[in-house]
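Reader: I'm new to this one. Could you walk me through it and tell me how you know what you say?

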Amino acid sequence: MTSHADSNRPPLLLALSGGGYRAVLFHVGALWRLNEIGELRALTHVSSVSGGSIVAGILAARWDQLAFDSSGIARRFGEQIVEPLLRLTDHSLDWPAILLGVLPFASAAGVIARSYRRHLVGDKTIGDLPVRPKFVFNATNLQTGAGWSFEREGMGDSSVGFVRDGSVPIATAIAASSAFPPFLSPLKLSLGRAGWEPPRQSSWMTPYSDLALQVRPIPRDKLQGFRKRVYLIDGGVADNLGLAALWKTEGELLISDGGAVSAHCVSPHMNWVGQLRRVLSLIHDQPSRLRADTAISRFAEHDQRGTKSVTQSPRGDGAYWKMHWPPESHTDVPVVALDEAKIRKLSEIPTRLLAMNEDTKLRLINWGYVAANRSLPYLARLWLPRGASVFKEELPYRAAGF
């Protein structure tokens with residue numbers, strides 16, 4: 001039940017980035033901290049991409065089993081969220097899916113979807129998603145470049161339209177969102193007989209608005225060809241932070257960025273293949289960096305004015321934390337000691353669905369916990385009534401450290 005105090009709070013929006021298993025465990029640590037201070041229960045929107053969708057998927061599927069107490073803390077968070085994801089990351093999913101995907105009548109994306117169903121979400125469909133928070137799983141339409149979203153009401157994008165169908169498995173939505181090209185993609189949806197609605201003209205889809213995705217309209221007489229079968233790939237291709245679906249939504253915005261950044265390379269490859277890989281990596285980094293910097297500048301503007309900008313996004317305050325050093329650190333918060341070299345090593349873990357050893361998994365959770373904890377005090381609503389003592393750091397796994 002929503003209290004009077006809760007009804008007066010602004011919406012709380014969370015974006016979970018891509019980044020393979022590295023991002024999955026980093027996000028787990030961030031959610032752990034949000035839960036400890038009662039903010040997990042307060043979430044109104046969760047938008048996710050790729051690795052972030054793995055976390056969002058189990059969070060959505062098990063939301064009603066978290067056992068929130070009167071203070072808003074999920075007492076079964078460890079049992080329902082942390083432990084299943086630790087078990088999942090014991091298993092490599094990408095290379096077995098690639099090998100099985102070459103068999104007739106099989107696909108790597110389909111194999112991945114079955115793994116998510118078996119390990120995380122069972123047979124639940126997007127129609128089973130909670131009403132609150134609103135979960136949005138983001139993929140990319142390979143045919144048009146538009147951001148394709150799966151929501152409780154259905155699925156679609158700004159180019160081909162929207163289908164009101166809640167029967168799609170959550171596992172399929174996660175697989176589409178994490179179908180990294182070219183080996184784990186595409187995920188094919190046959191929708192020729194679906195009842196299509198016209199493309200939605202949501203405020204975040206307006207042309208050249210706040211770094212939103214730019215998509216060419218499809219002529220009306222050609223729409224049916226694009227609707228017969230939809231080919232979806234990793235949502236990170238269009239927006240690796242999962243911000244586009246939240247960008248024009250009123251409220252406080254939290255961004256958990258577990259994505260990679262291309263490392264420096266003194267002697268880049270001169271051959272075509274090596275150059276292409278390097279260039280694609282550099283190109284992939286830039287949209288996320290631009291969106292993150294734009295969001296941070298909005299947060300700073302809100303802090304300076306003490307109110308939302310009239311000319312800019314309706315969103316007000318927010319916080320951003322990332323995988324990479326240096327961490328955000330509020331000067332008054334009691335913190336644990338960090339080792340820059342060890343944090344850098346964690347951030348350089350490849351973006352794969354590749355099994356990890358126990359020590360690495362626990363250190364990633366610890367780092368996500370600390371990165372979120374050091375950014376959350378910049379959210380004025382959290383800092384002002386509570387003060388520094390609330391943000392004292394107690395690592396989830398002390399023995400693992402960093």
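Author: Happy to. Let's settle one word before we start: a contact means heavy atoms within 4.5 Å. With that, of the contacts in the protein chain between residues at least 6 apart in sequence, 77% join residues at least 24 apart. Keep in mind that this is a predicted model.

Reader: How do you know how confident the predictor is in the chain?

Author: From pLDDT, the predictor's confidence in each residue, on a scale from 0 to 100. The protein chain averages 86, and 89% of the residues score at least 70. Residues 1–5 sit below 50, and beyond near neighbours in sequence that stretch has one contact in the model. Residues 202–208 also stay under 50, with nine contacts beyond four places in sequence. Where pLDDT is low, the predicted coordinates should not be read in detail.

Reader: What is the secondary structure of the protein chain made of?

Author: There are 13 helices and eleven strands. The chain has 402 residues, and 53% of them are buried.

Reader: Why is Ile 349 called buried?

Author: The cut-off for buried is under 20% relative accessible area. Ile 349 comes in at 17%, so it counts as buried. You'll find Ile 349 in the loop between helix H11 (340–347) and helix H12 (358–375). Beyond its neighbours within four places in sequence, Ile 349 is in contact with Arg 22, Met 356, Thr 360 and Leu 364. From C-alpha to C-alpha, Ile 349 and Thr 360 are 9.6 Å apart.

Reader: And Gly 195, is that buried or exposed?

Author: Exposed needs over 50%, and Gly 195 has 56%, so exposed is the word for it. Gly 195 belongs to the loop between strand S7 (187–190) and strand S8 (196–197). Neighbours within four places aside, the contacts of Gly 195 are Phe 162, Val 163 and Arg 164. Gly 195 and Arg 164 are 31 residues apart along the chain, yet their C-alpha atoms are separated by 7.3 Å.

Reader: What makes Arg 164 and Glu 197 a salt bridge?

Author: Side chains of opposite charge can pair when their charged atoms come close. For a salt bridge, the nitrogen and oxygen must be within 4 Å, and in this pair the closest N and O atoms are 2.6 Å apart. Arg 164 lies in the loop between strand S6 (161–163) and H7, while Glu 197 is in strand S8, so the pair ties together parts that are 33 residues apart in sequence. Glu 197 is partly exposed, at 26%.

Reader: How many salt bridges does the structure hold?

Author: It holds 17. One of them pairs Arg 344 with Glu 340, at 3.2 Å from N to O.

Reader: Why are Arg 344 and Glu 340 said to be about one helical turn apart?

Author: Because they are four residues apart in helix H11. Arg 344, at 39%, is partly exposed, and so is Glu 340, at 36%. Elsewhere, salt bridges that share partners join Arg 9, Glu 39, Glu 252 and Arg 381 into one network. Arg 381 is in helix H13 (residues 380–386), and Arg 381 and Glu 252 are 129 residues apart in sequence but 9.6 Å apart in space, C-alpha to C-alpha.

Reader: How do you know that the length of helix H2 agrees with what a helix should span?

Author: You compare two numbers. At 1.5 Å a residue, the 17 residues of H2 (residues 20–36) should span 24 Å, and the end C-alpha atoms are 25 Å apart, which agrees. Also, 16 of those 17 residues are buried, so H2 is largely enclosed by the rest of the structure. Just after H2 comes Gly 38, with a positive phi of about 80°.

Reader: What about helix H6: which parts do its buried residues pack against?

Author: They pack against helix H3 (51–61), helix H4 (77–88), H5, helix H7 (170–177) and S7. Among those buried residues are Val 111, Ile 112 and Tyr 116. H6 (residues 108–121) should span 20 Å, and its end C-alpha atoms are 19 Å apart, which agrees. Gly 122, with a positive phi near 60°, follows H6.

Conventions. Residues are numbered from 1 along each chain as its sequence is written. Side-chain values use heavy atoms; hydrogens and water are left out. Helices (H or I, at least four residues) and strands (E, at least two) are DSSP runs, numbered from the N terminus. Buried means under 20% relative accessible area, exposed over 50%, partly exposed in between (1.4 Å probe, protein chains only). The expected span of a helix is 1.5 Å times one less than its number of residues. A salt bridge is a side-chain nitrogen of Lys or Arg within 4 Å of a carboxyl oxygen of Asp or Glu.
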